[in-house]
Amino acid sequence: MAKTKTPPMPKKTLKKSFEIEPIGRRSLTIGEFVSVVIDKQYQHIIAQERGVLADKDPEYLHQMRVGSRRLSAALQVFSHAVALPKATQEKHVRSLTKTLGALRDLDVQIASLREDYCPRVNSSERKILDKVLESLDKQRERAFAEVESILNHPSYEKLKSACKSWLENPRFSSPVHFYLGLLLPDLLSPLLSALLLHPGWSIAIVKTSEANSEVLHDLRKTCKYVRYQAEFFTDFYDTAFKGWIDELKELQDSLGKVQDMYVLQALLLRELPEGTELPELQRAIQDNLLGAMVNWEPVRQKYLNADFHYQLHQMILEPLMKQISP
């Protein structure tokens with residue numbers, strides 16, 4: 001059945017701040033909130049363009065990738081409500097994120113080898129790693145050329161133009177006049193279920209291995225997916241909600257370090273002649289792996305606890321009534 005399109009929302013409804021009234025009379029509608037969220041992520045992305053193309057500070061690339069991920073998350077969580085032009089649909093944003101991510105991932109691996117591992121190995125291993133770094137630097141040149149190409153491509157200009165046009169005249173694919181306060185638990189419940197039902201929680205620290213790395217990597221992606229979407233609603237909840245999101249970020253970072261180490265080992269297998277042995281480097285990698293997973297077991301047990309599940313579900317059912325500024 002085709003979706004019934006609602007008329008565009010008048011621009012005057014786009015406010016800089018909203019007052020959340022008592023339950024049953026909350027004034028902020030989901031349409032108003034979606035428009036502000038998308039605008040914030042769009043502005044964050046385009047603010048990084050010059051810095052990314054200048055290629056002097058990797059933080060611009062990191063921030064642009066984060067912005068594109070958050071815009072993609074916003075389009076996912078509000079997909080039932082937003083009617084975007086074809087050029088601004090989530091799959092096009094995801095394509096931008098993928099290109100930015102390829103360059104960012106190389107930056108992370110290069111920095112890890114150069115700043116962390118090289119100082120911790122002997123001179124003979126250092127010479128081998130220097131050759132690996134030369135190869136990675138060349139790969140980075142190609143990856144940066146891809147980023148330059150996509151940021152100067154007509155498709156990216158179309159994405160920006162379509163997003164800007166939508167923000168000036170928002171259109172929706174379903175009724176968006178419902179009060180956001182009534183819908184918060186419904187928006188957050190699927191995210192919470194995706195996190196709590198993930199098979200990664202069954203992996204004990206003694207079982208962590210390359211065979212399980214993909215499951216843990218997927219758990220990391222789930223943490224990131226949940227965190228990015230839940231962050232949109234931080235101002236509606238108390239400190240316990242923010243604490244939970246901060247905990248997700250710490251877990252995401254730890255699992256990210258684990259994944260980076262497995263990626264590094266796969267990279268070394270690809271770049272080095274078969275049979276090359278780097279015992280000091282391998283010891284350094286294992287030390288980092290143990291350090292990244294040091295808090296895994298307490299967190300894992302927490303997420304396997306029924307009482308904790310209940311607390312999380314109760315938390316999302318109790319949004320605050322206060323002044324917010326999205």
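**Close-up views of a predicted helical chain**

**View 1. Arginine 227 and glutamate 231 join their side chains in a salt bridge, at 3.1 Å from N to O.** A salt bridge here is a side-chain nitrogen of Lys or Arg within 4 Å of a carboxyl oxygen of Asp or Glu. This is a predicted model, in which local features need pLDDT of at least 70, side-chain atom pairs count only at pLDDT 80 or more, and totals for chains, interfaces and linings use all residues. Residues are numbered from 1 along each chain as its sequence is written, and side-chain values use heavy atoms, with hydrogens and water left out. Both partners sit in helix H8, 4 residues apart, about one turn of the helix. Helices (H or I, at least four residues) and strands (E, at least two) are DSSP runs, numbered from the N terminus. Arginine 227 is buried, with a relative accessible area of 7%, whereas glutamate 231 is partly exposed at 24%. Buried means under 20% relative accessible area, exposed over 50%, and partly exposed in between (1.4 Å probe, protein chains only).

**View 2. Glutamine 252 lies in helix H9.** Glutamine 252 is buried, and its relative accessible area is 6%. Setting aside neighbours within four places in sequence, glutamine 252 is in contact with Arg220, Cys223, Lys224 and Arg227. Contact means heavy atoms within 4.5 Å.

**View 3. Glutamate 247 and lysine 302 meet through their side chains in a salt bridge of 2.7 Å, N to O.** Glutamate 247 belongs to helix H9 and lysine 302 to helix H11 (residues 296–303), so this pair ties together parts that are 55 residues apart in sequence. Lysine 302 is partly exposed, at 34% relative accessibility.

**View 4. Aspartate 253 and lysine 249 form a salt bridge through their side chains, at 3.1 Å from N to O.** Helix H9 holds both residues, 4 residues apart, about one turn of the helix. Aspartate 253 counts as partly exposed at 35% relative accessibility, and lysine 249 counts as partly exposed at 36%. Elsewhere in the model, Glu49, Glu157 and Lys160 are linked in a network of salt bridges, and the structure holds 15 salt bridges.

**View 5. The largest pocket contains about 1,400 Å³ of space.** Its lining has 44 residues, and the closest to the pocket centre are Arg65, Arg69, Asp105, Arg220 and Lys224. Helices H3 (58–77), H4 (90–117), H8 (210–231) and H9 (239–271) are the elements that give two or more residues to this lining. H4 gives the most, with 14 residues. By type, the lining divides into 12 nonpolar, 14 polar and 18 charged residues. Ala, Val, Leu, Ile, Met, Phe, Trp, Tyr, Cys and Pro count as nonpolar, Asp, Glu, Lys and Arg as charged, and the others, Gly among them, as polar. On a 1 Å grid over the protein atoms alone, a pocket is an open set of points where a 1.4 Å probe fits, with protein on both sides within 12 Å along at least five of seven lines; lining residues have an atom within 4 Å of a point. Grid points are joined across faces, edges and corners, and the volume is the space filled by probe spheres set on the points.

View 6. Of its 326 residues, 45% count as buried.
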